[in-house]
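Subject: Structure handover

Hello,

Here is the structure for your files.

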Amino acid sequence: DELREFAAAHAACAELLGSGASGASQHGRCAVQACKLTTVPVAVEVRGRSALAWRLAEEGKSEEALAILKEAQALDPQNTALRDQAAKLNQQDSQSKSVTTLEALKSLKHDLNDSLEAKDLLGLKALLEELDALPLTWEAAAETKIGKEVGLCAKLSDAAVAELAQSIIARLHKLAKQERPLWVR
């Protein structure tokens, strides 16, 4: 009984403290931990997980927040508030990832230019491998125009660099076919 009250109190504190409050995510974690130790009403566990997910998202820990929210959705799959919260967190997560990818592409484009000018084949290969590992989107590739530098790499005499560049170009072409708006085609 005490643990149930403990979980309910911490879930309520996490909700009430709101954004930016010191300890809000800690209260959410305490509520979730108490739910693991004893059986509590589903509504209490869902409230605790939901509050913790919001606090984690505010701290920039969107992946952890989404995982906790997914567990809450498993407990109460009909809860529309949880579905809305998950949709918002997914959108925030994808926006932050696309901004990060865009920044990385801008930096890579600059580094590729420098390495092309210096004819640094090892550097080019490393940069192309880094580019190949990124989760590319058509928007980011089009905005940075990274394809120009990759195309120059594909024309180099070094087979390893040229082959890697050609595979990235193929990937960019595939992205263009899938994601490019119709009015740009």
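Predicted model: local features only at pLDDT ≥ 70, side-chain atom pairs only at ≥ 80, totals over all residues.

Residues are numbered from 1 along each chain as its sequence is written, and side-chain values use heavy atoms, with hydrogens and water left out.

Cores. A nonpolar core here is a set of buried Ala, Val, Leu, Ile, Met, Phe, Trp, Tyr and Cys residues joined through side-chain atoms within 4.5 Å; buried means under 20% relative accessible area, exposed over 50%, and partly exposed in between (1.4 Å probe, protein chains only). The largest core has 23 residues, and L128, L131 and C153 have the most contacts inside it. At least two residues each come from α5, α6 (121-133), α7 (138-144), α8 (147-154) and α9 (159-179); helices are DSSP runs of H or I, at least four residues, numbered from the N terminus. The largest share, six residues, is from α9. Beyond four places in sequence, L128 touches L112, V150, C153, V161, L164, A165 and I168, contact being heavy atoms within 4.5 Å. A second, separate core has 14 residues, including V32, A53, L66 and A86.

Helix α5. Q85 is in this helix and is buried, at 3% relative accessibility. K97 and P135 are 38 residues apart in sequence, with 8.8 Å between their C-alpha atoms.

Regards
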